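Good morning, colleagues. Please turn to the sequence and the structure on the screen, and I shall take you through some of the features one by one.

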Amino acid sequence: MNILMPIYANREIILDLYSIIIDGYLESVSIKRVEDKSDNFRVQNGRKNVKSNDFKKSYTSKDKISIAENECIDKYRDFSGTIDDKNSIRDEISVKRIYTNFHILNKLKNVMVAENMIKYMKKGKISSENIVRGEYIEVEGCISPISLITEINTMIDIIETYDDKELNKLLKNQQDREVFMDYSIILKHLKNLNKQLSSHNTTNMIIDCGYYKVVLNINTNNFSDKNVYMYDNVHCNCKVLCKVIKVVDENKHIDLLCKTCMSSYYNELLKSISTHLDILRENNIILPNNIITEIKGPAI
């Protein structure tokens, strides 16, 4: 039996869909059973002794004496015992069954399949004519190593490794050097761009499906393993269930800088530093190829 190992799920979307399609969901079930047993035993013993003496002496005429003596002894003993046999054994058992994200996802998917709500995409060509925005699709492809954030981070690491102040010395003999554009400035620009692209832990992951690519908007907090790196499984095949928000044909593209809301500016900025990067290559400093900021169509 082929069991797929889930690595990522957007819980908010899953629960929202589940509530709409299946009318609510159970996150957990708790079962409780209580039995009581108690034992009680009581014994009481009472004892009482009473002794009384009555003595009376009287004188009469002619020196006659009359004596009357009375003695009374009472003994009382009381014994009482009470046994209260009440078994009370408190056995409390609580069972809580947790429904994980993937349990809910599987149940949700089964209902969506039964209602023909999922379109299965094959490895053929796609276009905006056969895919509609808002559809739920399932695709199979390979996790691509294309990552704009990784490329930006690599450029930052290279400049910091060689020291931006030392690299600025390479510009002294350049006649076309601009006063406000050196490697220190470039480093600050790249760090600022990296900060915007990685804000709120959201980023893009590219899935290569052969004739087309899928750009996934993901949140790194939604991986099943909180310690996982999103590209631990790069070049591995995977199956993705997602919602389409945009379809582009061959003559268009998906912009990976759209999150910044300043795509034109940052594209122009990256082009402006190409001369400075060429200077580094001329000095035998190995750099990545041109930074990829667009995914050419056809793509989803």
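Let me begin with a definition: rings of Phe, Tyr and Trp (its six-membered ring) form a pair if their centres lie within 6.5 Å, and planes under 30 degrees apart count as stacked, over 60 as edge-to-face and the rest as tilted. By that rule, the structure holds two aromatic pairs.

Before I describe them, a word on the source. The model is a predicted one, in which local features need pLDDT of at least 70 and side-chain atom pairs count only at pLDDT 80 or more, whereas totals for chains, interfaces and linings use all residues. Residues are numbered from 1 along each chain as its sequence is written, and side-chain values use heavy atoms, with hydrogens and water left out.

Now the overall picture. The chain has 300 residues, of which 29% are buried. Here, buried means under 20% relative accessible area, exposed means over 50%, and partly exposed lies in between (1.4 Å probe, protein chains only). The secondary structure consists of seven helices and eleven strands; these are DSSP runs numbered from the N terminus, with helices being H or I of at least four residues and strands E of at least two. Contact means heavy atoms within 4.5 Å. Among contacts with a separation of 6 or more, 76% are between residues 24 or more positions apart.

I return to the aromatic pairs. Tyr-8 and Phe-223 are edge-to-face, with 5.1 Å from centre to centre and 70° between the planes. This pair links distant parts of the chain, 215 residues apart: Tyr-8 is in the segment before helix 1 (11–21), and Phe-223 is in the loop between strand 8 (213–219) and strand 9 (237–243). Tyr-8 is partly exposed, at 25% relative accessible area, while Phe-223 is buried at 6%. The other pair is Tyr-265 with Tyr-266: the ring centres are 4.9 Å apart and the planes are at 70°, so this pair is edge-to-face. Tyr-265 is partly exposed at 39%, and Tyr-266 is buried at 4%.

Next, the second largest pocket. A pocket is found on a 1 Å grid over the protein atoms alone, as an open set of points where a 1.4 Å probe fits, with protein on both sides within 12 Å along at least five of seven lines; lining residues have an atom within 4 Å of a point. The volume of the second largest pocket is about 260 Å³, a volume being the space filled by probe spheres set on the points, which are joined across faces, edges and corners. The lining divides into six nonpolar, five polar and three charged residues. In this scheme Ala, Val, Leu, Ile, Met, Phe, Trp, Tyr, Cys and Pro are nonpolar, Asp, Glu, Lys and Arg are charged, and the others, Gly among them, are polar.

Let us turn to Thr-293, in the loop between helix 7 and strand 11 (294–296). Is Thr-293 buried or exposed? At 10% relative accessibility, Thr-293 is buried. Leaving aside residues up to four places away in sequence, Thr-293 touches Leu-148, Ile-254, Asp-255, Leu-256, Leu-257, Asn-267 and Leu-270. With Asn-267 there is also a polar contact between side chains, at 3.0 Å. A polar contact is a pair of N or O atoms within 3.5 Å; within protein, one must be able to donate a hydrogen and the other to accept it, and residues adjacent in sequence count only if both atoms are side-chain atoms.

Finally, some points of backbone geometry. A cis peptide bond, with omega about 5°, joins Gly-297 and Pro-298, and Pro-298 is in the segment after strand 11. Asn-116 is a residue other than glycine with a positive phi, near 55°. Asn-116 lies in the loop between helix 2 (101–114) and strand 5 (118–120) and is exposed at 70%. His-235, not a glycine either, has a positive phi of about 70°. His-235 lies in the loop between strand 8 and strand 9, and is exposed at 55%.

Thank you for your attention.
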